[in-house]
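Me: Got a model open here. Can we go through it piece by piece?

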Amino acid sequence: MSRSKSAAPTDRTPVRRRIRGLDADERSAQRRRQLLTAATELFARQSYSGTSIEQICQHAYVGTKGFYDHFDSKEACYTALLEQITTGIQQRVAEVAVETADADWATRRATVLAAFVHAIADDPRLAKVTFGEAGGISPTVEAMRRSNRRWSAEFLKYQWLQADPRDDPHLLTLALATIGGMFELVADWLHHHDDDGGAPDSVDTLVADLNHFVAVVDAGRVAAR
């Protein structure tokens, strides 16, 4: 009787199917990017309330099932988009603050404010999504907005203390109020063209307005000591 030959060992690790050079995880990440890009375009063009999940999917060339693979709702899609944009803005201004750490406060203030404005306004859709749409969507979105303002106020307070280490128990409160004023100037700049039917002011105008506003706050803060 002949001995049966044992089967050759096989690698049972499943082969990951690649389509157009992408595996399943890469395709999923690509669909998510497409959905967020489409949401950016549609929220900016026709508002959050005026945009449906179906429109986002059609614009992204992604099926509805693909949408729900990533987001539970339109609100979840918006919060993911807001978080993505906010993270980019925060990283940019933090980098510029480090790069200009040795400069005097007036120079650093102008440079950081310019970086902030260009991060949101070079692509006006980002400003519309973050400053033109966030208000009143939901308690979750409002909590995100408040968290973003708190981060910005803490950042501004730190910059003030870098320029003048004498602390003030009201410094964070003043920083919060200053950030609120800055964000209102951004919103006003964003919607200015809707008021008079003309072209919006330039990005440089917004930079100058914000720098003047914070400079006046700085002057008042110093005078109040």
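Me: Leaving aside neighbours within four places in sequence, which residues is Asn148 in contact with?
Reply: Leu82, Thr86 and Gln90. Contact means heavy atoms within 4.5 Å. This is a predicted model, with local features needing pLDDT of at least 70 and side-chain atom pairs pLDDT 80 or more, while totals for chains, interfaces and linings use all residues. Numbering runs from 1 along each chain as its sequence is written, and side-chain values use heavy atoms, without hydrogens and water.

Me: Where is Asn148, and is it buried or exposed?
Reply: Asn148 is in helix H7. Asn148 counts as buried, because its relative accessibility is 18% (buried is under 20%, exposed over 50%, partly exposed in between; 1.4 Å probe, protein chains only).

Me: New topic. At what angle do the axes of H5 and H6 cross?
Reply: Roughly 95 degrees, and the axes come within 5 Å. So H5 is roughly perpendicular to H6 (65 to 115 degrees). H5 covers residues 105–121 and H6 covers 124–132.

Me: Which residues meet there, H5 to H6?
Reply: From H5, Phe116, Ala119, Ile120 and Ala121; from H6, Pro124, Leu126, Ala127 and Phe131. By class, the contact has eight nonpolar, no polar and no charged residues.

Me: And the largest pocket: how much space, and which residues lie nearest its centre?
Reply: About 520 Å³. Its lining has 28 residues, with Phe116, Phe131, Ser152, Ile179 and Phe183 nearest the centre.

Me: Which helix gives the largest share of that lining?
Reply: H7, with eight residues. H4, H5, H6 and H8 each supply at least two, as does H7.

Technical notes: Axes fitted to C-alpha atoms, helices over the stretch in contact; angles between N-to-C directions. Helix = DSSP H or I, 4+ residues; strand = E, 2+ residues; numbered from the N terminus. Parallel < 35°, antiparallel > 145°, perpendicular 65-115°, else oblique. Nonpolar A, V, L, I, M, F, W, Y, C, P; charged D, E, K, R; others polar. 1 Å grid on protein atoms, 1.4 Å probe; cavity = no way out; pocket = protein on both sides within 12 Å on 5 of 7 lines; lining within 4 Å. Points joined across faces, edges and corners; volume = space filled by probe spheres on them.
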